[in-house]
Amino acid sequence: MTLITVENLSVRYGAHTVLSRVDMAVEPGEIVTIVGPNGSGKTSLLRAIIGATRPSAGQVSLKPDLKIGYVPQKLHVDPTLPISVERFMRLTDRVSRKQCVAALETAGVPDLLYRQMSQLSGGQFQRVLLARALINRPDILLLDEATQGLDQRGSASFYQQIEAVRRETGCAILMISHELHVVMSSSDRVICLNGHVCCEGSPAVVASAPEYRALFGTGTGGALALYRHEHDHNHDHDHSSKEAAE
Amino acid sequence: MLDDFMTRATLAGVGVAFAAAPLGCFVVWRRMAYFGDATAHAAILGVALSLTFQMSIFTGALAVALIMALTVTLLAGRGYAMDTLLGVLAHSALAFGLVAVSFLSGVRIDLMAYLFGDILAVSRSDLLVIWGGAALVVALITWRWSQLLTATLNEELAYASGFDPKREQLILTLSLAVTVAVAIKVVGVLLIAAMLIIPAAAARNLARSPESMALIAAGIGAFSAVAGLRAAYVFDTPAGPSIVCVAAVLFACFSILGLKSRGRT
C-alpha cells in the first residue's frame with residue numbers, strides 16, 4: 001500500500017506560490033530523492049507532508065497509522081541546554097535504553113549514548129538524529145538536507161548509512177538534497193522539483209532529461225560537467241566495488 | 001505562623017522562585033530573555049489599569065502581560081527583528097504605564113512598590129495568589145515538558161512527532177504572563193526577568209540534563225529568596241533587589257567553578 005500520496009498540492013505563502021500542482025507518491029521500501037535548486041519548494045513539500053505547512057490546494061494523504069521518522073535539516077542545541085544523547089532519543093517516544101542502543105547501532109554510532117549533544121561532531125550529530133528517527137521502527141524516513149554542514153566525504157558516508165538502514169530495516173526513504181552527484185547513485189527514483197515537478201524517474205533518466213539539464217545546466221557549464229563526471233565516477237566506482245564484493 | 005511578615009515574605013519569594021525556575025530554563029534555552037522583560041514591563045500598564053478600574057493588581061497585570069505576550073508572538077517574524085519589536089513594545093508599554101499612573105491623581109500610589117516589589121507587605125491573600133499561580137505554572141510545564149523540549153529543539157521535529165509547536169509556545173507565553181503577574185509584589189516589574197534568568201543560568205554550570213537544570217534553578221532561586229530577605233533584614237536594604245543580588249553572586253560563583261572544571265577536562 002502506498003505510504004504517502006501527494007495530489008495536486010499547492011503551497012502559497014501570502015502572494016508567493018512556492019509549490020503548484022505537485023503529484024507524487026512513495027511506495028514501501030523505496031528510496032526517493034527530491035532534488036531542486038534553492039527556493040524550489042523542496043522543504044515546503046516536506047513540511048506539507050509532516051503537517052507543518054497547510055496546503056492552499058490539493059492534499060497529502062498518509063497510509064493509516066503511518067509511522068514517520070523525521071531527520072531535520074539542522075537542529076540547534078543551545079549551549080545552555082544540557083542534554084545527553086539518551087535523553088534526547090527518549091524525548092518523544094516511550095522507549096527503553098536497549099532500543100536506544102539498537103537504534104544508535106543501526107545508525108553507525110553505537111558508543112554515544114551518554115555523551116552530551118553539545119559535544120558531538122557534525123557527523124555524529126546527524127547520525128544521532130538518524131538514530132532518533134529510527135527508534136520507533138518507522139515505515140518511512142524523511143530527511144531534509146540531512147547532510148548540510150558535512151564535508152563531501154562525511155555526506156557520502158552518511159548516504160551509505162542510509163542505504164544500509166534501508167537494507168536492514170526495509171523502511172522507505174524520502175529525502176531532499178542538492179548534492180546531486182552523491183544522492184543520485186543511492187536513489188531508486190529521483191523527483192526534480194522547481195515549484196512543480198519538472199521530471200521524475202530513475203537517476204539515469206532524470207540526469208539525462210532536458211528539464212533537469214536546463215535547471216542545473218544553464219550557466220553552470222563547467223559545474224555541470226563536473227557533476228556529470230563525478231556522478232559517472234561514483235556510479236562506476238560503486239559498480240566495480242559491488243562486482244568485487246560478489 | 002503566617003502572622004509574621006518575614007515568614008510571609010519568605011514563602012512568597014520561594015513560591016515565585018519555584019515558578020520562575022522551570023520557566024526560566026526555557027527562557028534561557030529559547031533565548032527569550034528580552035521577551036520576559038517585555039512582558040514584565042507591560043505589567044506596569046496593567047497596574048495602572050487595575051488602580052483605575054479598582055480591580056486586583058494581579059488581574060490587571062495578568063491581562064496586560066498576556067496581551068503583550070500574545071502580541072509579540074503574533075508579530076514575531078513579520079518584518080521586524082525580534083529584538084527590535086520587543087524593544088519597541090516593552091518600552092512603549094512601560095512609558096504608557098508610567099504616564100497612565102500619573103493621571104491617577106486621586107489615588108496616591110507608591111510606584112516604587114511596583115517597580116521594585118514590596119515583598120514585606122505580602123498579605124495572606126497575596127500568598128494564596130502567588131502559590132496558586134506558581135502551582136499552575138509548574139503543573140503546566142511539567143505536563144508538557146517533553147513536548148516543550150522537543151519544540152525548543154526543532155519545530156519540524158515537533159510536527160513530525162504529531163503536535164503543534166505553536167501551541168507549546170502558547171503554553172510558555174501563558175506561563176510567563178502568570179509568573180510576571182504573581183511576581184510583581186515580590187521583586188517588581190524591573191527585576192522579574194532577573195528571577196527568571198539568573199537562577200537558570202547559574203544552574204547550567206551544574207546540570208547534566210534539562211530536568212536537573214530546572215531543579216537546581218529552583219534550589220538556587222529559593223535559596224536566593226531566603227538569603228536575600230535575611231540580608232535585607234540585617235543590612236536594611238530593599239528586599240527585591242537583595243534577592244536578585246544573592247542570585248547574581250551565586251551565578252558568578254558557579255560560573256567560575258564551571259569554567260575551572262571545564263578548563264581541567
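In the predicted model, helix H3(B) meets helix H9(B) through B:Phe58, B:Ala61, B:Leu62, B:Ala65, B:Leu66, B:Ala69, B:Leu70 and B:Thr73 on the side of H3(B). The residues of H9(B) that take part are B:Gln169, B:Leu170, B:Thr173, B:Leu174, B:Ala177, B:Val178, B:Val180, B:Ala181, B:Val182 and B:Ile184. By class, the residues of this contact comprise 15 nonpolar and three polar, with no charged residue. Helix H3 of chain B spans residues 57-75 and helix H9 of chain B spans residues 165-187. Their axes come within 8 Å and cross at roughly 150°, and the crossing of H3(B) and H9(B) is right-handed.

Between the two chains, 24 residues of chain A are in contact with 22 residues of chain B. The area buried between chain A and chain B amounts to about 2100 Å², and carbon and sulfur atoms give 57% of this area. Within chain A, the residues that lose the most area to chain B are A:Leu81, A:Pro82 and A:Leu91, which together account for 26% of what that side buries.

Polar and charged pairs are also present across the interface. Eight residue pairs are in polar contact between chain A and chain B, with both residues at pLDDT 80 or more. On the side of chain A that touches chain B, helix H1 (42-50) and helix H2 (85-89) of chain A each supply at least two residues. The residues of this side of chain A divide into 13 nonpolar, six polar and five charged.

The structure contains 13 salt bridges over all chains, and the count between chain A and chain B is four. One salt bridge joins the side chains of A:Arg47 and B:Glu156, with an N to O distance of 2.3 Å. This pair crosses between chains, with A:Arg47 located in helix H1 of chain A and B:Glu156 in helix H8 of chain B, residues 155-160. Another salt bridge is formed by A:Arg87 with B:Glu211, where the closest N and O atoms are 2.7 Å apart.

Definitions and conventions: Residues numbered from 1 in each chain as written. Chains lettered and ligands numbered in written order. Predicted model: local features only at pLDDT ≥ 70, side-chain atom pairs only at ≥ 80, totals over all residues. Heavy atoms only, no water. Contact = heavy atoms within 4.5 Å. Buried area = accessible area lost by both parts, 1.4 Å probe. Polar contact = N/O pair within 3.5 Å; in protein donor to acceptor, adjacent residues only side chain to side chain. Helix = DSSP H or I, 4+ residues; strand = E, 2+ residues; numbered from the N terminus. Nonpolar A, V, L, I, M, F, W, Y, C, P; charged D, E, K, R; others polar. Axes fitted to C-alpha atoms, helices over the stretch in contact; angles between N-to-C directions. Left-handed = near helix turned anticlockwise from the far one by under 90°.
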